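My notes follow the order in which I looked.

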Amino acid sequence: MINTILDTVGNSPLVQLRNLVRDEVDVILKLERTNPGGSIKDRPALYIIEEAERRGWLKPGGTLIESSSGNFGISLAMIGAARGYRVIILVDPKTTPTNLAMLKAYGAEVIVVTEQDDSGSYHKTRIALANKLHREITNSFRPDQCFNHLNGEAHFNQTAAELFEQCERNLDVVILSVSTGGQIGGFSRFFRENAAHVKIIAVDAIGSTIFGGTSHSYLLPGMGLSWTPTNIDDLNRIDAVYKVPDEDSFMMCRILARHEGILCGGSTGAAMLVALKLAMQSRKEKRIVCIASDSGERYLSTIYNDEWMHERSMTLSLDPLELRERVKKLKAYSVNPIETANYIPELESLLDSPSRQYFLDSQTN
Ligand SMILES: Cc1ncc(COP(=O)(O)O)c(C=O)c1O
């Protein structure tokens with residue numbers, strides 16, 4: 001059968017570690033890099049666009065406007081090219097040259113937002129400007145990955161269900177890195193409803209305040225936020241939260257490449273630290289699945305570049321034994337994340353996000 005490019009989203013493979021963990025435990029990665037846009041974000045991007053078309057929020061010839069410094073923007077740019085939409089992506093100075101080049105290759109227009117928000121990041125200023133442009137540009141649509149709950153719904157309906165079937169319903173833990181909360185929101189709801197014994201573990205960057213704590217800058221790409229996103233609609237479905245350092249996560253990425261032949265992105269390295277931790281200590285949990293959101297090719301000039309690492313005083317060690325010593329020291333930041341939640345209910349209207357209105361309008365029409 002011959003598909004269009006968008007028909008190839010999904011059905012990502014599972015691969016098992018062979019060298020870094022003992023035989024009694026299966027550590028499995030779900031390799032989302034096989035999506036055509038190169039990351040897991042193809043799934044919510046396509047789901048939201050198709051829902052928006054179906055519900056009449058997005059019309060032929062429309063313009064997609066989104067705040068994204070990476071994967072979600074690239075997915076939208078690809079979808080826009082395939083479906084004939086104009087795409088405007090708001091990025092910030094931290095966006096890598098590789099991501100900018102990919103956005104432009106797909107024909108997206110890129111706006112670089114340079115004003116920082118109150119947490120020192122660019123999330124809120126990017127979102128506010130995207131919402132302003134949406135009000136100004138007729139026939140535009142805001143996928144709104146941070147506030148649109150269709151983001152989590154995509155993973156509930158598709159990614160989590162797909163994983164469950166691929167594992168023949170036999171798994172004990174799922175480990176997910178977090179930013180907009182789409183992945184963990186969808187997965188945690190799916191497993192609570194379908195296999196409540198499966199533990200759901202969130203991994204965030206030290207310096208992000210999704211699960212509370214002190215805000216400061218960090219290097220982990222694709223992770224973190226300065227509030228608890230509404231796609232995590234019930235923190236009680238998350239069994240534990242780990243906050244991991246940049247350096248150990250990047251070391252994990254480089255060791256996975258050298259010792260397992262798996263070239264992954266920074267957020268996968270972060271999640272794999274926790275997978276290794278559980279594999280080293282676990283007697284009960286035999287099948288640990290880690291969602292590998294993207295590929296290392298996007299980070300060849302950063303995480304996999306010795307000079308870039310050296311300039312940031314990051315270790316170049318590729319010694320698995322040293323990595324294990326670091327992993328041993330990792331501790332759960334929280335096993336009851338509701339206690340440290342950082343929900344800011346007024347943020348959606350402060351930033352003038354349109355998602356709630358889309359749904360309200362749908363109900364009244
Ligand atoms: C590489 C990567 N990993 C993990 C995540 C986190 O996924 P989510 O936004 O669904 O929480 C993102 C989100 O941008 C990402 O780009």
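I started with helix α7 (residues 246–260) and helix α8 (residues 266–281), whose axes come within 7 Å and cross at roughly 90°. I took α7 and α8 to be roughly perpendicular to each other therefore (65 to 115 degrees counts as such). Axes here are lines fitted to C-alpha atoms over the stretch in contact, with angles from 0 to 180 degrees between N-to-C directions; helices are DSSP runs (H or I, at least four residues), numbered from the N terminus.

This is a predicted model, in which local features need pLDDT of at least 70 and side-chain atom pairs pLDDT 80 or more, while totals for chains, interfaces and linings use all residues. Residues are numbered from 1 along each chain, and side-chain values use heavy atoms, without hydrogens and water.

I then listed the contact (heavy atoms within 4.5 Å). From α7, Asp 248, Ser 249, Met 252, Cys 253 and Leu 256 meet α8 residues, among them Gly 266, Gly 269, Met 272 and Leu 276. I sorted the contact of α7 with α8 by class and got 7 nonpolar, 3 polar and 1 charged residues; Gly counts as polar.

Next I looked up the ligand.

I checked polar contacts (N or O pairs within 3.5 Å). The side chain of Lys 41 has an N or O atom 2.7 Å from a ligand oxygen, and for Asn 71 the corresponding distance to a ligand oxygen is 3.0 Å. A polar side-chain atom of Ser 267 lies 2.7 Å from a ligand nitrogen. The protein buries 95% of the 380 Å² that the ligand exposes when taken alone (Shrake-Rupley, 1.4 Å probe).

Definitions and conventions
Polar contact = N/O pair within 3.5 Å; in protein donor to acceptor, adjacent residues only side chain to side chain. Helix = DSSP H or I, 4+ residues; strand = E, 2+ residues; numbered from the N terminus. Parallel < 35°, antiparallel > 145°, perpendicular 65-115°, else oblique.
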